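The following exercises are to be worked through with the sequence and the model side by side. Each task is followed by a solution in steps.

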Amino acid sequence: MKGTAMHSRNTALRLRAGAVALVAATALALSGCAPSGDLAADGSNGAATSSDTFTVGLLTPMTGFVAAVGTDMQQGWDLYWEENGTQAGKFKVKTVMEDTASSADTGLSKAQRLVTEEHVDVVVGPVLANVSLAVGSYLAKAGVANLAQTAADDLTQRSQNPLVLRTGAYAGSQTTYPGGQWAHDQGYKTAATLCVDYAFGWENCGGFASAFTDAGGTDTQQYWYPADATDMSTYVSQLKSSGADMAFVATAGGPDSSNFLRSASDFGLLKSMPILNNCCATDQAILQDVGDIAVGVKSVHYYAEGTDVAATQKFVKSFEAKYGVIPSSYAMGMYATADMLAKALKDASKKLTGTALVDAIKALDLSDSVYGNVKFDEYNDMVGPMVVRHVEKRADGKLWNVVDESYDDVSQFWSYDPAEFLKHPSYSQSFTGK
Amino acid sequence: MDPIFVLQQILNGLSFGALLFLVASGFTLTFGLMQIANLAHGAFYVLGAYVAVVTVTATHNFWIGALAGTAVAAGTGLLTERALLRRVRGREMPEVLVTVGVLIVIADLVLAVFGGHPRSVSSGNGAPSGAIVIGEFVYPQYRLAIIVLTIVIAVALFVLQKHSRVGAIIRAGVDNREMASAMGINIDKVFTAVFLFGAALAGFAGAIGSGLLSLTPGSGTDILLFALVVVIIGGLGSIKGAAVGAVLIGLIDAFAKAWLPDFSYFTIFAPMALVLVLRPNGLFGRAA
Amino acid sequence: MNRATVVKLASVSAAVAILIALPYLISSYYVSLISIVFISAILASSINMLAGDANLVSLGHAGIAAAAGYGLAWAARQGFDLGGQLAVAGIMTVITSVVYGLISMRTRGIFFLMVTLAAGMVCYGIAFRWSSVTGGDNGLTGISRPPGLAEYWQFYFFVLAIFVIVTIALVITSRSPFGLAMRGIRDSETRMRSLGYNVANYKFVAVFLSGVVAGIAGVLAVWQFEFISPSAGGFDRSAMVMVMVIIGGIGTLFGPLLGATLVVSIEQVLSTYVDRWPMILGALFIAVVIFAPQGLDGGIRQLAAWFRRRRSPKDSPITGTSRDVPKQSTSTHQ
């Protein structure tokens, strides 16, 4: 009995070993024979879509931890096409939405699907920096244009490529340079900074610190907190005992932002120390969450819901009428992107894809956009207005941001020479300016 | 070293630790009494928290919100036990796996129903709010209240487990089902009650936590990790262990964030690893 | 060589032939998806080996895969050559597997599960927080595949080959005296101890070996996506992989592959049409655990056996080696 069992086991093993060899050999042999790949093309392989339909692939996080942002983005996008119809010049704009699940792996797979299965003419989104960087390099290989919605600096700096146009946001450090200038102009000599500890926070802090120190201030203390921190009370205490004239705080717009505001309120920091925030602690989602403790809180951003810029006001009113809530900057970015796309297609005689699309958008007159007066620089980022704002309670009880100071024509390079600036490393914990 | 800062950190650590204890105690109780590692505990926490937030927003009363959160969590626990766990009773791995499945389902359900925006309970609404101010020292009353409340609950749980008749019945049921049944105790009812109680504790912890930290659908797994570390250090089944573990982790977390921000996960991992290597059953646990 | 073995061999060869022909039949998107399935199946196999032979279900193995992946990605970003990158990935795999082994070797059952869960989440936390090295939430991008594997179909063949090799290696390990000892430990630790086996050491080695397989999966994943981010090691990933193992059938030969196919299909394909796919997956998982503990693999075998019984009632369905009979976790384990 034992002999038979051994014998059949040996045979089985031998057969299996043979199978491995076969597979390996075949694989090696086949590595010489490429299939008729469809990956490299610009998506127009085989069953091309009708030349009168312009297909947009929309990548948003509809599930996962930033699902709320995904909803905002989708609403902003939809609003534009509802107001203006989906006909842009000769083309009917069709949108295909895919969920990135707030994950870079899924985002990449969905981007692939959009290109090879849906044959999209452009990809709009995603919003998360890690997803964006991964998707961006794939799209560059596939030759498909990407209208980016994320703030990652390098997308239009060190990793810049002619197929990526940042239409849905400003670069991370770009949004905080004016804050540094403002802080100095207010008379503050020293500042302590608290920023979320990954690229977004590094860029925000880098922007503020550079501009502040250039103007003559001193950045005395730099605190970094992990993006998934559940309890911000430690950092609030640190800011309190720092002894600086003011604090600059860059949160990521998630629970960290609401936690910070509430801890700061609980510990009396909001009253005892001047604080300037980045976009996110006073974004609509956070304001709706924390409520009245946010009244009076100052921040620096390119968007203020209570602004008196006509085009922005119109957008805010329209969004509120349709959805019942004041739009966040994510919704605004998508609306603006839709607007740019529609305008570029309106006068086009043939379908614009790839770099042709990017160039057409860059050539548009955007002096009256939802952002205000913007134009694109040669690195495919916008140069435009920014504001320092504070939170106010409207007559109907809702909170929004109104403008204190405006800064025009803010560029992602601030006052630096682009070529010189790019020689420096990206902003990080160890490098926040000089 | 600023003494006020240190004192604030200690209190931060204790208040976070208090929340951890509330979460961990429900978990360790369910395990100690029923030998079930309920990984859906995190889901009950987050469910209770969201229900609490929504209720408080509607009623402007924190305690009603807390009650609602606790009740819904308990109800979900009841459903889970009756409909699902009962079918795999006694088989340790399937029991745990079922709870993982429940965790996945509830996490997605919470996202679907409540959306992904961060939520929290605004201060006031009947809960202690504002801060204690003693010279330069400022500390939120809510956090102090949590510490006090949790100490009371901890003592109550400890007494319940060790000394009461209910505790004795439950221990008997776990040690020897047949005997307990033969003595007229309805074991099924007892087990359901214990599971329900654990879920209720999780829901209550969620309601409390919603006033402390902002809530997202992912908060369940976040807090679950901390609870697991606490329970591993303290020993499965031990309330005393959960208390010691919670205080330890809370304090470590508070100070690590301030002094070693890059390594704050290491600093939680280190005591857990140490305990696992030196005393695998935890500080106060008994061999399973 | 009896008829059953011939049938089995023929079907496996047919399947392999189809798999090899796939890139010539379907689009790159689907080929990529299948690569992802195989990579996940490799990771699932690492858990499957521990779960089946040792009844140690890990909820944290994605952490080991992520550690290996980060090692490779970091080395690539530093400019190391391929050998150097693989060396760093290897070192990370070893270190992480050793740590996992050390903290879990004296545990079993649900305690093992909890410990590996915690370990996995700590890996995630480190990847997330040590952002100066790991890039934090952004992860590390721009990792290119080794030369010769750059195209999606080349990489696909490579992954396929690795999967076959790993599966065979795991089968050999399982049938070795080591595997036998592990099953003995699974059935009764005290008995094995009284026979003189150092149970903790055996468990350590088992965890270490499974960690090596997980590390391989981690490296392949980085090459597939050309980046890595903390979610590669997070609880969601570990849970998903464990779900693959359970749905596929614990301890079975094809369980990991079947489970991976189902889960990846739901995650990547169903998600296009259905928003609430995690709920569906969770419900399916619960159903399998309660009603069909032998999973897909076991289910298919039962179906096949039922077919055979219908065609020739005299043949007993119990053929093949003991390795192939689906195992159920019974209640009396300590």
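**Exercise 1.** How many residues does the contact take from chain C and from chain B?

*Solution.* The model is a predicted one, in which local features need pLDDT of at least 70, side-chain atom pairs count only at pLDDT 80 or more, and totals for chains, interfaces and linings use all residues. Residues are numbered from 1 along each chain as its sequence is written, while chains are lettered from A and ligands numbered from 1 in the order in which they are written.

Step 1. Chain C contributes 35 residues and chain B 36 residues; two residues are in contact if their C-beta atoms, placed from the backbone, lie within 7 Å.

Step 2. On the side of chain C that touches chain B, α4 (82-104), α5 (109-129), α11 (235-248) and α13 (277-291) of chain C each supply at least two residues. Helices (H or I, at least four residues) and strands (E, at least two) are DSSP runs, numbered from the N terminus.

Step 3. The largest share of this side, 13 residues, comes from α5(C).

Step 4. By class, the side of chain C that touches chain B holds 26 nonpolar, six polar and three charged residues. Ala, Val, Leu, Ile, Met, Phe, Trp, Tyr, Cys and Pro count as nonpolar, Asp, Glu, Lys and Arg as charged, and the others, Gly among them, as polar.

**Exercise 2.** Determine the strand order of the open sheet in chain A, and examine strand β5.

*Solution.* Step 1. The open sheet of chain A consists of six strands in the order β2-β3-β1-β4-β5-β6, with mixed pairing; two strands pair if DSSP finds at least two bridges between them.

Step 2. β2 (87-88) and β6 (164-166) of chain A are at the edges with a single partner strand each, so one side of each has no neighbour in the sheet.

Step 3. Strands β4 (residues 122-124) and β5 (residues 145-148) of chain A pair in the parallel sense over three bridges. A:Val122 has A:Ala145 as its bridge partner in β5(A), and A:Val124 stands opposite A:Leu147.

Step 4. In a regular strand the side chains alternate between the two faces of the sheet. In β5(A), A:Ala145 and A:Leu147 on one side and A:Asn146 and A:Ala148 on the other are all buried; buried denotes 20 or more other C-beta atoms within 10 Å of a residue's own, exposed 12 or fewer, and partly exposed the range in between, with C-beta atoms placed from the backbone.

**Exercise 3.** Which residues of α8(C) and α10(C) meet?

*Solution.* Step 1. Helix α8 (residues 177-187) and helix α10 (residues 199-225) of chain C pack at about 120 degrees, with axes 10 Å apart. Axes are lines fitted to C-alpha atoms, for helices over the stretch in contact, and angles run from 0 to 180 degrees between N-to-C directions.

Step 2. C:Ala181, C:Met182 and C:Ile185 in α8(C) meet C:Val199, C:Tyr202 and C:Ala206 in α10(C).

Step 3. The residues of this contact comprise six nonpolar, no polar and no charged.

**Exercise 4.** Is B:Ala52 buried or exposed?

*Solution.* Step 1. B:Ala52 belongs to helix α2 (residues 41-59) of chain B.

Step 2. B:Ala52 has 32 C-beta neighbours inside 10 Å and therefore counts as buried.

Step 3. Leaving aside neighbours within four places in sequence, the residues in contact with B:Ala52 include B:Gly65, B:Val121 and B:Ser210.
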